[in-house]
Structure formats: structure tokens, C-alpha cells
Amino acid sequence: MSAFCERKLFAGPMNLSKSRNTLEQIAPAGFYVALRVGYSFPEEELNGLDPGWIETYTQLGLVMQDPSMRWVYAHNGAVRWSELELPDPAGVIGLARKAGLNWGATVAFCRPEDAGRRSYAMLFRADRNFTQDELDAAYALLRDLHLGAGREAGPALTEAELEAIRLRAGGKLLKQIAAEIGISESAVKARLASACRKTGAKNAIELLSIATTRRMI
């Protein structure tokens, strides 16, 4: 059975479904996330891929020949598909490009104590390659989801900071947030910057990832 086949999510403490907005910002052309994959199936998954690509991937049995899947089971971290140095006999990357998934990236996380239960994500963009900030944010999100990060760390965020994060997670621009709240755009930036410092986020994308997986919003 393909790794991209849709299955019912297992109930659990994770907020995988609430990570959709962040994943859509990082990978607007599509994504697939599998958490704590054991013998063959994940405990949880979130499929944001185009149905046409899922059908192609499944019918051709590409999971067995996908170089990105081989990378997943040998690495921790994140890699752009343009930097994969593995054989691709079935032409998976070329087929993805024909489907409009021009730029791909793979993220994987597993600890020695996880007994091989590994989490991974496949991310796609149509417009450009992934930036390092986006890869870092995706890895941080996957790591926290894998670990079941329902915890808050560091100083508590203020309600004003949480409001700014919620609106940003909803896709609003800084100027739109400023207008809705009734403050200046620089004040919005200051609230988000303060939230980044408190959570340890390196940038706005990672801040949204942390806020989502820690159930702050």
C-alpha cells in the first residue's frame, strides 16, 4: 500500500490537523506528513496532496522506488529534492514535476529511543525552491509533532501576542492585522518579535509552527 494512501487518523494528543495552515504556507503546492511510522503505517497522517498525484504515485507503486523515501530511513533533518544524491530509476522526481510539483523537500525525524518509529514529511512548491528558513521551520514542526509537543516552554505569551499570532496564522498580512486590531504595523511586528524571543523561534514561520504544536492558538 502506498505511503500516500489516505487512512483514518488515529485519535491522540497531537495537533497535526491544526498544523495545516503552517504547512500550507511552507508548501503551498502540497504536503504529506506521517507521524511515528512503525512496521508500515503511521499513527497519524495529514495528506494535503493533489488527488491526481496520489493516484499516479499509488498506481505506479512509486513508494518502493522513491529516492526521498530511501533518504527518510537513513537520515534526520531536511533535504531539498534538488540536492538528493540517490538513484531515481522510476523517475519519481520527473513525474512530480509533470504534476506541477516542481520543487520538493523531504523532512525526517527519529530518536534512538523511538525503536525505529520515524516521522517524515514530503513538501512541495510550484514557484521556487525551499529556503533554509522554511526547511528549518518544517523540521521544527515535525520534531514537535513527533514528540507530542503539547507543552509550553519559556515565559508565557501575552493575550496581545497570541492575538497577533492567531491572525497571522489565519493568513492575514501585517497591515491587515494592524487595521483589525487598531494599532500600527510596527506594533504588530513588535508583538510577533516578542513572541519569537519567548518561544525561541528564529522567524515568523517557525513561530507559527511552535504556537500550533504547543497548542497556544
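## Aromatic pairs

Guide: A search of the whole structure, which is a predicted model, finds four aromatic pairs.

Visitor: How does one read the geometry of the pair formed by Phe 109 and Tyr 139?

Guide: Two values are read together, the distance between ring centres and the angle between ring planes. Planes over 60 degrees apart count as edge-to-face. Phe 109 and Tyr 139 lie 5.9 Å apart centre to centre, with 65 degrees between the planes, so the pair is edge-to-face.

Visitor: Is Phe 109 buried or exposed, and how does Tyr 139 count?

Guide: Buried means under 20% relative accessible area, and exposed means over 50%. Phe 109 has 7%, so Phe 109 is buried. Tyr 139 has 23% and therefore counts as partly exposed.

Visitor: What else does helix 5 hold?

Guide: His 146 is also in helix 5. With 5% relative accessibility, His 146 counts as buried. His 146 and Val 37 are 109 residues apart in sequence, while their C-alpha atoms are 9.9 Å apart in space.

## The chain as a whole

Visitor: How many helices and strands does the protein chain have, and in what order do they run?

Guide: The protein chain has nine helices and five strands. Read from the N terminus, the order is α-β-β-α-α-β-α-β-β-α-α-α-α-α.

Visitor: What share of the residues counts as buried?

Guide: Of the 217 residues in the protein chain, 46% are counted as buried. The accessible surface is about 10400 Å², and carbon and sulfur atoms account for 53% of that surface.

## Packed helices

Visitor: How is the packing of two helices described?

Guide: Two packed helices are described by the angle between their axes and the distance between the axes.

Visitor: At what angle do helix 6 and helix 7 cross?

Guide: The axes of helix 6 (residues 159-169) and helix 7 (residues 174-181) cross at roughly 130 degrees and come within 10 Å. Helix 6 and helix 7 are therefore oblique to each other. The crossing of helix 6 past helix 7 is right-handed. On the helix 6 side, Glu 163, Ala 164, Leu 167 and Arg 168 take part; they meet Leu 174, Ile 177, Glu 180 and Ile 181 of helix 7.

Visitor: How do helix 7 and helix 8 cross?

Guide: Their axes come within 8 Å, and the crossing angle is roughly 105 degrees. Angles of 65 to 115 degrees count as roughly perpendicular, so that is how helix 7 and helix 8 stand to each other. Helix 7 contributes Leu 174, Lys 175, Ile 177, Ala 178 and Ile 181 to the contact, and helix 8 contributes Glu 185, Val 188, Lys 189, Arg 191 and Leu 192.

Visitor: What is the angle between helix 6 and helix 8?

Guide: Helix 6 and helix 8 pack at about 100 degrees, and their axes are 9 Å apart. That makes helix 6 roughly perpendicular to helix 8. Residues of helix 6, including Ala 160, Glu 161 and Ile 165, meet residues of helix 8, among them Ser 194, Ala 195 and Lys 198.

Visitor: Where does Ser 194 lie, and is Ser 194 buried or exposed?

Guide: Ser 194 lies in helix 8 (residues 185-199). Its relative accessible area is 14%, so Ser 194 is buried. Between the C-alpha atoms of Ser 194 and Thr 158, which are 36 residues apart along the chain, the separation is 9.6 Å.

Visitor: Which residues of helix 6 are buried?

Guide: The general idea concerns the turn of the helix. An α-helix has 3.6 residues a turn, so residues three or four places apart point the same way. In helix 6, the buried residues are Glu 161, Leu 162, Ala 164, Ile 165, Leu 167 and Ala 169.

## Positive phi

Visitor: Which residue just after helix 6 takes a positive phi?

Guide: Gly 171 does, with a phi of about 95 degrees.

Visitor: What is the phi of Arg 36, and that of Ala 115?

Guide: Arg 36 is not a glycine, yet has a positive phi of about 50 degrees. Arg 36 sits in strand 1 (residues 30-37) and is buried, with a relative accessible area of 13%. Ala 115, also a residue other than glycine, has a positive phi near 55 degrees. Ala 115 is in the loop between strand 4 and strand 5 (118-125) and counts as exposed, at 73% relative accessibility.

Technical notes. Residues numbered from 1 in each chain as written. Predicted model: local features only at pLDDT ≥ 70, side-chain atom pairs only at ≥ 80, totals over all residues. Heavy atoms only, no water. Helix = DSSP H or I, 4+ residues; strand = E, 2+ residues; numbered from the N terminus. Buried < 20%, exposed > 50% of the residue type's maximum accessible area, 1.4 Å probe, protein only. Areas by Shrake-Rupley, 256 points an atom, 1.4 Å probe, with all protein chains shown as cover. Phe/Tyr/Trp six-rings, centres within 6.5 Å; stacked < 30°, edge-to-face > 60°. Axes fitted to C-alpha atoms, helices over the stretch in contact; angles between N-to-C directions. Parallel < 35°, antiparallel > 145°, perpendicular 65-115°, else oblique. Left-handed = near helix turned anticlockwise from the far one by under 90°. Contact = heavy atoms within 4.5 Å.
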